Amino acid sequence: MASTTPEPHAEQPLIGPGHTFGSVTDKISSIVLQRRTPMGWFVGFGISFSLLMLLLASLSYLVAKGVGIWGVNIPVGWGFAILCFVWWIGIGHAGTLISAILLLLKQEWRTSINRFAEAMTLFAVACAGMYPIFHTGRPWLAVYWLFPYPNTMGIWPNFRSPLIWDVFAVSTYATVSAMFWFVGLIPDLATLRDRAKSRVWQVVYGIFAMGWRGSAKHWHNYESAYLLLAGLATPLVISVHTVVSFDFAVGIVPGWHATIFPPYFVAGAIYAGFAMVLTLAIPLRKFYGLEDFITLKHLENMAKVMLATGLIVAYGYTMEAFTAWYSGNTYDMYTSHNRMTGPYANWYWALILCNVVLPQFLWIKNLRTSVPFLFFESLVVGVGMWLERFVIIVTSLHRDFLPSSWGMYAGTFWDWSTFIGSLGLFATLLFLFVRFLPAISIFEMRTIVPGAEVKEEA
Amino acid sequence: VKGIYGLMAEFHSPTEVVEAAKQVRAAGYRKVDGYSPFPIEELSEALEFDRSPLSKIVLVGGILGLSAGWGLEYWASVIAYPMNIGGRPYNSWPAFLVPAFETTILFAALFAVLGMLGLNGLPEPYHPVFNVPGFALASRDKFFLCIESKDPKFDPEETRRFLEGLEGTPVVSEVPH
């Protein structure tokens, strides 16, 4: 291409050299349209699908026997179910951050990662949503416990409870994320419709593309809709984890009743979410040869976001301990002390190691731009955030106000099998997604190809 | 004249199609639409589209969502099933803020998506522009400009000559119904 004026902050390009509108389109759509499915895909899908079957078996047994098969009991009535719910929903937040907030902030590097990050959001919310429903033990009754609808018993949910706020926040989040994702897909579905060789796929993609023809009039409304959705999704995503934190903070349990919870939960959600985006992006770009689109600069930027949110989370841990000490409240001080030195101290210090200590290596540029190290770090943060929720939930509950009602908690086989099974659900959906839909937004990639800028006539 | 939908010119770059759109407008054509593989703001400007009414539709959606959410909470907690919970007032408005906020976002987002589809007339199972050979590339790397036959200034011969004379000497095709 002819000389392009260097932009002030773009020291590294966001796309490999030599790409055109056509090459970007062909590269991304060929992953979906190729006839032969790679062997590696079948292996990955097979493993994921087996784990999904484990989830099916675990949930069937749960419905048959009741929640007694899990480790939850008094005093720890909230165990794996709520902890995995919070973990999954937090992971989803990075997708919305990338697709909505970075769009509003005009961060162009979001372009190649927003599509699969949004898909990740959707699948993570599906995994999360499953937990509270099955935690009720009788999911078919959960409908009237959770949703306000006219029923013959004449009863309604209690809108003063954070748990019902959660129902509204999470169901709105799932709906809006699905719509945002679908709207983003429409022009790409039209590309697949136009490029599919077989009649069947032309019809299938054609139905979902809804007759999109790239009209300027349509793009005009489309851009407006996309920006408005981003503007709506931004306060929504912040509200979702805020409301999740209210489930804890509104209660009077020592260790939960803290005003730092909403911002600290939101930061933790983005932290875990970016870790998951990295965990997925690194194998994806390697396996499908997408290094030109998801460049080292993208990975480094994500590592920086992880480092920043990780520091906010570390501040949250510090303030939690400080506030407990400064409050002078016996129960708060004891809870904090018990976390660090009590029976779950190993879990607490493992969490500090994963979430606070190890991520500090991301300050070093050489490590931040080393792909294997980033992959390792992303897994560490994923584990760390899971441990964080375990520590918050279990250590706060297991020492009740009276020593006579103290207890211990451990996940049973069925707790673990449900959690591992939910990883299978997540991975199965992701494998299907990369096989049948473009994992990178094609039409947005075209806008960052050199030559996409309209030059003013001299 | 009425036998065809319009005349379609094919371009190779966004700069060409935007320049062509400006000239088509300057020549007095009004029923014109562009087709491109990605949104081009300059093209909308060159074709002088009105501001999209979508933001007003979304505002209506948001207000409806707020009223519906709040109304539901008020009706359920004050009228249909009043419950005394720790002496809190039946109309516990601070607690009601959260679900009402969520329904506001939900309705506004639904109105944004359905409004966008409605304004664009989608889903649309059939459209004449797809009859143009090579139009499939409008979703890959080609740019098109179509002057529709319902334009008062449209003339099959003259309009074709005008389009072919534009910069980039585009290939011009008839768009059959």
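pLDDT is the predictor's confidence in each residue, on a scale from 0 to 100. For chain B of this predicted model the mean pLDDT is 91, with 99% of the residues at 70 or more. The model as a whole scores ipTM 0.94 and pTM 0.92.

A note on conventions: residues are numbered from 1 along each chain as its sequence is written, while chains are lettered from A and ligands numbered from 1 in the order in which they are written. Since the model is predicted, local features need pLDDT of at least 70, side-chain atom pairs count only at pLDDT 80 or more, and totals for chains, interfaces and linings use all residues; side-chain values use heavy atoms, with hydrogens and water left out.

**View 1. Arg115(A) pairs up with Asp188(A) in a salt bridge.** A salt bridge here is a side-chain nitrogen of Lys or Arg within 4 Å of a carboxyl oxygen of Asp or Glu, and this one has its closest N and O atoms 3.1 Å apart. The two partners sit 73 residues apart, Arg115(A) in helix α4 (residues 114-135) and Asp188(A) in helix α6 (residues 162-195) of chain A. Helices (H or I, at least four residues) and strands (E, at least two) are DSSP runs, numbered from the N terminus. Both Arg115(A) and Asp188(A) are buried; buried means under 20% relative accessible area, exposed over 50%, and partly exposed in between (1.4 Å probe, protein chains only). Across all chains, the structure holds 15 salt bridges.

**View 2. Glu124(B) reaches across to Arg213(A).** The N to O distance in this salt bridge is 2.8 Å. Glu124(B) belongs to the loop between α4 (93-119) and β3 (143-148) of chain B, and Arg213(A) to the loop between α7 (199-209) and α8 (216-249) of chain A. Glu124(B) counts as partly exposed at 22% relative accessibility, whereas Arg213(A), at 10%, is buried.

**View 3. Lys365(A) and Glu300(A) make another salt bridge.** Their closest N and O atoms are 3.3 Å apart. Lys365(A) lies in helix α13 (residues 365-368) and Glu300(A) in helix α10 (residues 296-327) of chain A, so the pair ties together parts 65 residues apart in sequence. Lys365(A) is partly exposed, with a relative accessible area of 47%, but Glu300(A) is buried at 4%. Elsewhere, salt bridges with shared partners join Asp26(A), Arg195(A), Arg140(B) and Asp141(B) into one network.

**View 4. Negative charge gathers on the surface of chain B.** The patch is made of Asp155(B), Glu157(B), Glu158(B) and Glu174(B). Patch residues have over 30% relative accessible area and no salt bridge, with like charges joined within 9 Å and nonpolar side chains (Val, Leu, Ile, Met, Phe, Trp, Tyr) within 5 Å. Glu158(B) belongs to helix α5 (residues 156-164) and is partly exposed at 46% relative accessibility.

**View 5. Met39(A), Phe42(A), Val43(A) and Ile47(A) form a nonpolar surface patch.** Together they have about 430 Å² of accessible area, a quantity that comes from the Shrake-Rupley method with a 1.4 Å probe, where for residues only the protein chains shown count as cover. Ile47(A), in helix α2 (residues 39-65), counts as exposed at 52% relative accessibility.

**View 6. Trp406(A) sits in the loop between α14 (371-398) and α15 (413-436) of chain A.** Trp406(A) is partly exposed, at 36% relative accessibility.

Notes: Lys, Arg positive; Asp, Glu negative; His and termini not counted. Charge placed at Lys NZ, Arg CZ, Asp CG, Glu CD.
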